[in-house]
Amino acid sequence: MGLISNFVALLPVLLLLVSNCKAQSSGVVIDITKFGAKPNADVTAALASAWKEACASTTPSKVLIPKGSYGLSQSNLKGPCKSAIELQIEGTLQAPADPKGDGLLLLEYVDQLTVSGTGVLDGQGKAGWEKNDCHLKKECTKLPMNLKLNFVTNSIVKDITSLDSKNYHINLLGCKNLTFDHVTITAPGNSPNTDGIHVSSSEQINILNTNIATGDDCISVGDTNKQVVISDVTCGPGHGISIGSLGKYSKEKEVVGVTVKKCKLTDTTNGVRIKTWPDSAVAFPASDMHFEDIEMVNVSNPVIIDQEYCPWNQCNRKVPSKIKISNVSFKNIRGTSATSVAVKIVCSQSNPCEGVEVADIDLTYSGSEGPIKSQCANVKPVISGKQNPPICGEPAPAGGPSSD
Ligand SMILES: *[C@@H]1O[C@H](CO)[C@@H](O)[C@H](O)[C@H]1NC(C)=O
Ligand SMILES: *[C@@H]1O[C@H](CO)[C@@H](O)[C@H](O)[C@H]1NC(C)=O
Ligand SMILES: *[C@@H]1O[C@H](CO)[C@@H](O)[C@H](O)[C@H]1NC(C)=O
């Protein structure tokens with residue numbers, strides 16, 4: 001009795017404490033409508049003004065894009081800001097149909113950023129995809145990406161949706177300690193170069209609980225990255241979850257520490273993949289890459305290391321890749337393959353892969369190309385547990401075509 005009445009007496013104090021906490025965490029809220037933003041009109045200038053005010057706040061602040069549909073041209077939101085800052089997107093931000101600029105939303109040099117909300121970045125990709133020829137040649141028309149994060153640190157991107165980007169959906173450059181959680185990425189399976197999340201020159205990147213359906217790699221971890229964790233991600237349609245391609249350009253540096261776990265890939269052209277270019281412009285290691293607890297549903301190349309990656313003959317296939325792959329594991333990978341060659345490990349002739357472990361692979365193939373198999377070159381993996389197919393049961397044929 002005494003306890004309960006004490007508690008009842010304390011209630012107003014407790015409520016006050018709770019509401020104070022809340023007020024503190026949302027801090028100053030700046031709604032873009034304060035700067036004249038109106039539904040169905042371009043809000044680029046209003047967003048820039050709201051960002052400027054929030055970024056100058058010495059206490060945590062938030063820019064709010066309320067529900068509704070708004071036009072957005074290229075929007076460059078820059079830090080550093082004076083305190084933590086949140087961009088809460090509840091509405092739909094629609095790119096102009098006419099492809100222009102670098103990105104729809106570009107955030108750079110921001111520390112302690114939160115991008116949140118149930119809103120959508122709509123790249124209006126249909127208008128750009130036919131102009132996108134970057135998958136065919138080195139010099140190509142650069143189309144805008146939906147979200148570019150450059151030099152963003154100690155930050156979180158959660159809940160938002162990226163729809164029909166004209167180019168990559170989300171691109172990271174020079175980021176550190178950045179987490180994606182419950183993000184949705186959607187574009188048609190035949191849209192060119194629409195990688196879901198591309199990570200480069202970054203470290204401590206987490207991509208969690210994210211659903212990706214797109215026309216290129218769901219996630220691509222490019223060069224010069226450290227400590228990337230990809231967990232509880234679904235992918236499909238798309239080209240799978242890839243490390244690489246590595247070695248095409250001379251400024252690239254090593255990739256160390258990528259973990260891909262608890263992911264499900266459905267109807268993708270690749271499952272989990274490491275790809276490096278022959279005749280690489282540079283030599284560097286790619287190591288500590290681990291893939292485990294992955295479910296494949298009708299995936300064309302479920303497990304693949306391809307050090308002869310050279311789509312459209314853009315390189316000299318006769319010169320082996322100088323990228324050294326080591327300390328790689330594929331564990332507990334199960335489901336169905338859409339082709340008979342389910343596990344393919346093709347390493348460099350001049351730099352064979354080292355420390356490759358393959359354990360508990362249980363894949364089935366029901367098509368007409370014959371029994372399920374695994375082909376290898378320049379690798380001697382340590383094999384344990386289930387082996388469907390028998391790992392490295394056959395040598396890989398030389399000069400096999402690579403998949404994009
Ligand atoms: C990483 O960023 C998060 C979110 O801002 C922060 O809570 C955490 O302390 C940071 N971790 C490190 C190691 O700096
Ligand atoms: C292999 O990778 C794991 C995880 O990234 C790391 O902890 C370990 O030190 C690496 N082992 C070697 C021999 O490099
Ligand atoms: C499996 O994938 C292949 C190739 O992508 C596709 O043609 C086929 O329709 C898919 N099968 C099923 C059952 O979805």
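Y109 counts as partly exposed because its relative accessibility is 43%, where partly exposed covers the range between buried (under 20% relative accessible area) and exposed (over 50%), with a 1.4 Å probe and protein chains only. In this predicted model, local features need pLDDT of at least 70 and side-chain atom pairs count only at pLDDT 80 or more, while totals for chains, interfaces and linings use all residues. Residues are numbered from 1 along each chain as its sequence is written, chains are lettered from A and ligands numbered from 1 in the order in which they are written, and side-chain values use heavy atoms, with hydrogens and water left out.

Y109 is found in the loop between β7 (103-108) and β8 (113-116); helices (H or I, at least four residues) and strands (E, at least two) are DSSP runs, numbered from the N terminus. Together with F151 and L173, Y109 forms a nonpolar patch on the surface, with about 260 Å² of accessible area for the three together. Patches are made of residues with over 30% relative accessible area and no salt bridge, like charges being joined within 9 Å and nonpolar side chains (Val, Leu, Ile, Met, Phe, Trp, Tyr) within 5 Å. The areas come from the Shrake-Rupley method with a 1.4 Å probe, and for residues only the protein chains shown count as cover.

Spanning residues 44-55, α2 has 12 residues and reaches 16 Å from its first C-alpha to its last, close to the 16 Å expected at 1.5 Å a residue; the expected span is 1.5 Å times one less than the number of residues. The buried residues of α2 are T44, A46, L47, A50, W51, A54 and C55. Seen down the axis of α2, these buried residues fall within an arc of 160 degrees, so they line one face of the helix; the arc is that of the directions from the helix axis to the C-beta atoms. An α-helix has 3.6 residues a turn, so residues three or four places apart point the same way. On the other side of α2, A45 and K52 are exposed.

Attention now turns to an annotated position. The UniProt annotation "active site", from an unreviewed entry, covers H239. UniProt positions are given in the numbering used here, feature names are shortened, and annotations may be inferred rather than shown by experiment. H239 is found in the loop between β19 (225-235) and β20 (241-246), and counts as buried because its relative accessibility is 11%.

The charged pairs come next. A search of the whole structure finds 10 salt bridges, each being a side-chain nitrogen of Lys or Arg within 4 Å of a carboxyl oxygen of Asp or Glu. One of them joins R273 to D217, with the closest N and O atoms 3.1 Å apart. This pair links distant parts of the chain, with R273 in strand β22 (residues 272-276) and D217 in the loop between β17 (203-213) and β18 (219-221), 56 residues apart. R273 and D217 are both buried. K275 also forms a salt bridge with D217, the closest N and O atoms being 3.3 Å apart. Here K275 in strand β22 and D217 in the loop are 58 residues apart, and both K275 and D217 are buried.

Another salt bridge pairs K386 with D362, the closest N and O atoms being 3.9 Å apart. K386 lies in strand β29 (residues 382-388) and D362 in strand β27 (residues 354-365), so the pair ties together parts that are 24 residues apart in sequence. K386 counts as partly exposed because its relative accessibility is 46%, and D362 counts as partly exposed at 27%.

Some details of the backbone complete the picture. Most residues other than glycine have a negative phi, and most peptide bonds are trans. A cis peptide bond joins G244 and S245, with omega about 10 degrees, and S245 is placed in strand β20. A cis peptide bond also joins N388 and P389, with omega about 0 degrees; P389 is found in the loop between β29 and β30. D232, in strand β19, has a positive phi of about 55 degrees although it is not a glycine. N327 has a positive phi of about 55 degrees as well, and lies in strand β25 (residues 324-337).
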